[in-house]
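Visitor: I am new to this structure. Could you show me around its aromatic rings?

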Amino acid sequence: METSLHIGVIGTGTIGLTHIERIQTRLRGGKVVAVSDVAAAPGRRAAETCGGEFFADGLKLIASPLVEAVLVATSDAFHELYVLAAIQAGKPVFCEKPLAPKKDAVRRILDAEMAGGRHLVQVGFMRRYDAGYREMKRLIDARTYGAPLMLHCAHRNYSVGADYHTPMAVENSMIHEIDVLRWMLDEEYATAEVVFPKKTKYAGPDLQDPQIMILTTRSGVRIDVEAFVHCHYGYDIKCEVCCEDGIIHLPDPAFPMVRTQAARVTPICRDWSDRFVDAYNVQIQEWINGTRAGRVDGPSAWDGYAGAVTAEAAGRARDTQTRVRVELEPRPDFYRN
Ligand code: ISE
């Protein structure tokens, strides 16, 4: 029998715990052998539950001979430290999105990976693993309905915590659309703008909600993405791609429609963790498979960088209320194919 990939997980917040649980119980070919968290109590609890060794220091986990591959699920500010350490140790590393909060930090990761000469880094842009987006990409690539001309998208959360502030709509929420749409259209962005509609009464003083981000691609496709993080009805992700010969819609999750009490009722997911649970499973399964085969098949450090450059341009556009050019340098040969 082939041996499993021995994974060390750093960060045992919500997303780290769900990754541990999916690797241990639902996926094949991987085993969590080590766990680290700066908060010792939850970290030790997570390590005990999965039978892994606990490391108070994530850098020691990366250096440990027990660990063949690293999964980083810490808060964003620590991603760079651990991803660079994994590259230095020559170990494959999956890092939750964003690869780092600022583009200069992502650039340092790119430079380190290229200097090492081996593809090791994968970024957790899980929408690329959602069956609906995958099918949309297939239709767009095949030009089944002609070329895409414009996209209308929405990213709606039921509500968010009090610490969620205005920049997070781009950096934390619409970063998913920034990635999945450039992947689906297979091109980079040219300009970014962010406009502010009337503010909902549910948003606190540090949050403009809703926001609309407008992107254009280099070939001229125009995209609008609404982020409405206090929509107060559910977690709802919309994507409509208007092509020359047809309009492609992202499918909603398949819930039965019920006729009851003089109404037709179809449930809507409450949270991103239910809406994209299958995408998360496929993402980590494919990462395990690729890593065992010595490849990085998923979103690369370059994709993390392109996302960070676009998000920074959108952030400047928002802060200055102007349209800003997205200045992304040519993709290095190392990241082609
Ligand atoms: C959160 O961080 C996520 O990654 C979710 O997928 C997203 O929908 C949500 O808006 C973010 O806050």
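**Rings and their partners**

Visitor: Is Phe 94 buried or exposed?
Guide: This is a predicted model. Buried means under 20% relative accessible area. Phe 94 has 0% relative accessibility, so Phe 94 counts as buried.

Visitor: How many aromatic pairs are there?
Guide: Ring centres must lie within 6.5 Å to pair. By this rule, the count is 5 aromatic pairs.

Visitor: Are the planes of Phe 94 and Trp 287 stacked, edge-to-face or tilted?
Guide: The ring centres of Phe 94 and Trp 287 are 5.7 Å apart. Planes under 30 degrees apart count as stacked, over 60 as edge-to-face. Here the planes stand at 55°, so the pair is tilted.

Visitor: How many residues apart are Phe 94 and Trp 287?
Guide: Phe 94 lies in strand β5 (residues 93-96). Trp 287 lies in helix α9 (residues 277-292). The pair links distant parts of the chain, and the separation is 193 residues.

Visitor: What is the relative accessible area of Trp 287?
Guide: The cut-off for buried is under 20%. Trp 287 is buried, because its relative accessible area is 2%.

Visitor: Which helix holds Trp 302 and Tyr 305?
Guide: Their ring centres are 5.6 Å apart and their planes at 45°, so this pair is tilted. Both Trp 302 and Tyr 305 are buried. They are 3 residues apart, so about one helical turn separates them in helix α10 (residues 301-320).

Visitor: Which ring does the charged end of Arg 270 sit over?
Guide: The charged end of Arg 270 is 4.0 Å from the ring centre. That ring belongs to Tyr 158.

How values were computed. Residues numbered from 1 in each chain as written. Predicted model: local features only at pLDDT ≥ 70, side-chain atom pairs only at ≥ 80, totals over all residues. Heavy atoms only, no water. Phe/Tyr/Trp six-rings, centres within 6.5 Å; stacked < 30°, edge-to-face > 60°. Helix = DSSP H or I, 4+ residues; strand = E, 2+ residues; numbered from the N terminus. Buried < 20%, exposed > 50% of the residue type's maximum accessible area, 1.4 Å probe, protein only. Lys NZ or Arg CZ within 6 Å of the ring centre and 35° of its normal.
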